[in-house]
Amino acid sequence: MPLKTPAELAADHGWTKVLAFGAHPDDLDFGAAATVAGLTRAGVEVTYVVMTDGDAGGFEAENQHTMTERRHREQREAAAHLGVRDVEYLGERDGYLEPSHAVMAKVVEAMRRHRPDAVFTMSPERDWDRLQRSHPDHLAAGEAVVRASYPAVENPFAYPELAERGLEAFHLKWLVVYCHPAVRSNLAVDVTGFEQDKLAALRFHASQHPDVAAMEAFVLDGMEQLHRDWLAAAGPPSAAGTADSKAPADTVSVPDHPTATTAAVTADGRRRFVETFQLVSVNDPTTISGF
């Protein structure tokens, strides 16, 4: 069972337009930048929606009054490098995000306006193995987007002021969840060749990285370890993709405890890199319509 590249993933699912939500500037770039780079190179239109201004970030107290402007600029530059079409900001206060109806209405508005094939979102589920993934704003962002994805975005009677503006309800097909507990991973994307795009995007967020070299090593090592995890979970090549396999052809379960000795280097000596997600089908041919 081969890993899917971003281009293959988009082709398999018919994705031409993606809407990607993050709680803060830089969240999407940490969680999915290499996949995003591969999608945009394949012709997929990607738009970022950043839910807070990131105004509580950074390490320089004397420049805190300019942090919102700086983080907006950093995110726009990072997104431009990845080929992202546009960056939108919901303007919520950093550290105070809640999955309120006011926030959900903003999320539904963005979804109905863009009508994407897939939505990238942070996980609403707390990760006890790496609590830093579960910043309260991350959880709130994930909860707001998941609630908006079903049923609000497809319910014509939810937030009726949107329909009055011509933003009609529609059925979202896919959620792509990042910053999630490892046990939830069911999609591994081969981002080899896009890892440097991810690092380049993260470098633009200079206000958040007091040690750039350490950050880059952490990110690269993490993506390489995810490839080892995938190899360990996939097992021998002869066993992959058999009739007994319960995983779809484009997904793979990733274990919590990887086999440390499994090689993540190809025969030609190249390092291999993976980003993982929780892929959720919101509406498919088997879905029974209802709110």
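Helices (H or I, at least four residues) and strands (E, at least two) are taken here as DSSP runs, numbered from the N terminus. Counted that way, the protein chain has eight helices and seven strands. This is a predicted model, so local features need pLDDT of at least 70 and side-chain atom pairs count only at pLDDT 80 or more, while totals for chains, interfaces and linings use all residues. Residues are numbered from 1 along each chain as its sequence is written, and side-chain values use heavy atoms, with hydrogens and water left out.

Start with the chain as a whole. Of its 291 residues, 50% are buried, where buried means under 20% relative accessible area, exposed means over 50%, and partly exposed is in between (1.4 Å probe, protein chains only). A contact means heavy atoms within 4.5 Å. Among the contacts in the protein chain with a separation of 6 or more, 84% are between residues 24 or more positions apart.

Next comes the interior. In soluble globular proteins, nonpolar side chains tend to be buried together. A nonpolar core is a set of buried Ala, Val, Leu, Ile, Met, Phe, Trp, Tyr and Cys residues joined through side-chain atoms within 4.5 Å. The largest such core here holds 72 residues, and Phe21, Tyr48, Met51, Val107 and Met111 have the most contacts inside it. Setting aside neighbours within four places in sequence, valine 107 is in contact with Phe21, Met51, Leu90, Ala144, Val145 and Ala148. There is also a second, separate core of five residues, including Leu3, Trp230, Ala234 and Val274.

Now for the helix pairs. Two packed helices are described by the angle between their axes and the distance between the axes. The axes are lines fitted to C-alpha atoms, for helices over the stretch in contact, and angles run from 0 to 180 degrees between N-to-C directions. Helix α3 (residues 67-82) packs against helix α7 (residues 195-203) at about 165°, with the axes 8 Å apart. That makes α3 roughly antiparallel to α7, since angles under 35 degrees count as roughly parallel, over 145 as roughly antiparallel, 65 to 115 as roughly perpendicular and the rest as oblique. In this pair, Ala78, His81 and Leu82 of α3 meet Asp197, Ala200 and Ala201 of α7. By class, the contact of α3 with α7 has four nonpolar, one polar and one charged residues; Ala, Val, Leu, Ile, Met, Phe, Trp, Tyr, Cys and Pro count as nonpolar, Asp, Glu, Lys and Arg as charged, and the others, Gly among them, as polar. Alanine 80 is also found in α3, and at 54% relative accessibility alanine 80 counts as exposed. The C-alpha atoms of alanine 80 and alanine 201 are separated by 8.7 Å, though the two are 121 residues apart along the chain.

Helix α2 (residues 27-41) packs against α7 too, at about 125° with the axes 8 Å apart, and α2 and α7 are therefore oblique to each other. The contact of α2 with α7 has seven nonpolar, one polar and four charged residues. As for α2 and α3, their axes come within 9 Å and cross at roughly 35°. Here Asp29, Ala33, Val36, Ala37 and Thr40 of α2 meet Gln75, Ala78 and Leu82 of α3.

Finally, glutamate 216 sits in helix α8 (residues 212-234). At 18% relative accessibility, glutamate 216 counts as buried. Not counting residues up to four places away in sequence, glutamate 216 touches Leu199 and Arg203.
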